[in-house]
Amino acid sequence: MAARAVDLCVALLHEQPSIESVSRVLRDHGEIGDLDLSANDLTAMREAAARLREVLGAQSAGEAAALLNRLLAGGAQTPRLTSHGGSTTWHLHVDSGDDAPWGEWFLASSAMALAVLLADHQRVPGGLCAARSCGRPFLDLGGGSPRRYCSARCATRERVAAHRSRSSPHVPN
């Protein structure tokens, strides 16, 4: 669920979101059946993605926890198990029902997934890419030092840029 949340945040906030592109991300993460997404759903999901991005950009576990607590208090419902009428395996939902609006579902389920990761790892469960031209959210579930970049490509681009700036002669104005 957390990987789906981050992939949806990227699709909704850092790409040109369309019903087709968001549907593709949802299907890549196991959604089945008629998704019936609308332009209004995309707008609500973009708003949810912006709020989730704040969590991933938090500077500390305490800040992320406070943000997640606000999201959960404002949008999560009593946890319930569902199999969507037998069409899926049993899984947990914290939205208002199997027919909850996409924006509500996305925000509630993603906040719950990120909260579980924060509790499990005792740190912000991801971050925002430190590359100057990127800023994409990413998950960070590994041990050791926290990640700074969303991909090896961004990390390499930043290392090359730093090397070039150190290597080039400084020309005074």
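Predicted model: local features only at pLDDT ≥ 70, side-chain atom pairs only at ≥ 80, totals over all residues.

Tutor: Residues are numbered from 1 along each chain as its sequence is written, and side-chain values use heavy atoms, with hydrogens and water left out.

Student: How many aromatic pairs are there?

Tutor: A pair of aromatic rings is described by the distance of the centres and the angle of the planes. Rings of Phe, Tyr and Trp (its six-membered ring) pair if their centres lie within 6.5 Å; planes under 30 degrees apart count as stacked, over 60 as edge-to-face and the rest as tilted. By this rule the count is 1 aromatic pair. Trp102 and Trp105 form an edge-to-face pair, with 5.2 Å from centre to centre and 90 degrees between the planes.

Student: Where do Trp102 and Trp105 lie in relation to helix α5?

Tutor: Helices (H or I, at least four residues) are DSSP runs, numbered from the N terminus. Trp102 and Trp105 are 3 residues apart in helix α5 (residues 102-121), so about one helical turn separates them.

Student: Are Trp102 and Trp105 buried or exposed?

Tutor: Buried means under 20% relative accessible area, exposed over 50%, and partly exposed in between (1.4 Å probe, protein chains only). Both Trp102 and Trp105 are buried.

Student: How many disulfides does a search of the whole structure find?

Tutor: A disulfide is a covalent bond between the sulfur atoms of two cysteines. The cut-off used here is a pair of cysteine sulfur atoms within 2.5 Å. The search finds 0 disulfides. For Cys129, the closest cysteine sulfur is in Cys154, at 3.8 Å, which is too far for a bond. Cys129 is buried, at 6% relative accessibility, and Cys154 is buried at 5%.

Student: Which residues of the largest nonpolar core touch the most other members?

Tutor: A nonpolar core is a set of buried Ala, Val, Leu, Ile, Met, Phe, Trp, Tyr and Cys residues joined through side-chain atoms within 4.5 Å. The largest has 37 residues, and Leu8, Leu12, Val22, Leu26, Met45, Phe106 and Leu114 touch the most other members. Its largest share, 10 residues, comes from α5.

Student: Where does Glu31 lie?

Tutor: Glu31 is in the loop between α2 and α3, and is partly exposed at 24% relative accessible area. Contact means heavy atoms within 4.5 Å. Not counting residues up to four places away in sequence, Glu31 touches Arg4, Leu26, Trp102 and Trp105.

Note on methods
Helix = DSSP H or I, 4+ residues; strand = E, 2+ residues; numbered from the N terminus.
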